[in-house]
Amino acid sequence: GVIDHVAGDAPVVLAGHSAGGLIAGRYAPEHQDRVQGLVLLDATSPTAATDLMARIPESATGEAGELRAQTLAVYNGENPEQLRFEDGEVASAGDIPVRVIQHGQQYLAEVPEYGEGLEEDWTKGQRDWLNLSSNSELITAENSGHYIYVDEPEVAVDAVEAVVAEIVS
């Protein structure tokens, strides 16, 4: 509905951060008539809940236990939009231009005991998003944590401009 309101019937390039990237990545394959390109900014992994449950046991306490409980609650719809996020395979959106931008500063590594593994899982998720298109590219925002659009907005803008330029050329 938002896309229809903003763009009418025109094709769009979607840019999404974190859960917004997950939503855009799930939307594009089913709406190839509308979505002409994607920019995913440190998008939530397509297998984030499964990864988190495997990485941090239910018995974990402290910061890791809180992270697990809060994140799983958000995935289960306890968020302002009441959206539920389900894990799954990455479907193809054809050959549309896709730029997947991952963080370069390992903020998840700060989680005691589990941080290094969480970073590995997140990085794998970014690589999984490359399966959206045969025309995808992984970019690392070297000086950014999770909020790439704040830490290095030029990286995000450059990616959007590159995707748009590829579409109109």
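## Close-up views of a predicted model

**View 1. Thr-123 in helix 5****.** Thr-123 has a relative accessibility of 22% and therefore counts as partly exposed (buried means under 20% relative accessible area, exposed over 50%, and partly exposed in between, using a 1.4 Å probe and protein chains only). The place of this residue is in helix 5. Between Thr-123 and Tyr-147 there are 24 residues in sequence and 15 Å in space, C-alpha to C-alpha. The model is predicted, with local features needing pLDDT of at least 70 and side-chain atom pairs counting only at pLDDT 80 or more, while totals for chains, interfaces and linings use all residues. Residues are numbered from 1 along each chain as its sequence is written, and side-chain values use heavy atoms, with hydrogens and water left out.

**View 2. The helices and strands of the protein****.** The protein contains seven helices and four strands (DSSP runs numbered from the N terminus: helices are H or I with at least four residues, strands are E with at least two). Along the sequence their pattern reads α-β-α-β-α-α-β-α-β-α-α. Taken along the principal axes, the C-alpha atoms fill a box of roughly 50 × 30 × 25 Å. Buried residues make up 44% of the 169 residues.

**View 3. Leu-38 and Trp-129 in the largest nonpolar core****.** This core has 31 residues, and Leu-38 and Trp-129 touch the most other members (a nonpolar core is a set of buried Ala, Val, Leu, Ile, Met, Phe, Trp, Tyr and Cys residues joined through side-chain atoms within 4.5 Å). Among the elements giving two or more residues to the core are strand 1 (12–17), helix 2 (19–30), strand 2 (35–41) and helix 5 (115–129). Apart from neighbours within four places in sequence, the contacts of Trp-129 include Leu-22, Arg-26, Leu-40, Pro-46, Val-90 and Val-100 (contact means heavy atoms within 4.5 Å). A second, separate core has nine residues, including Leu-41, Ile-148, Ala-156 and Ala-159.

**View 4. Arg-99, a buried residue in strand 3****.** With 8% relative accessibility, Arg-99 counts as buried. Strand 3 is where this residue is placed. When neighbours within four places in sequence are left aside, Arg-99 is in contact with Leu-38, Val-39, Leu-40, Asn-135, Glu-137, Ile-139, Ala-159, Val-163 and Glu-166.
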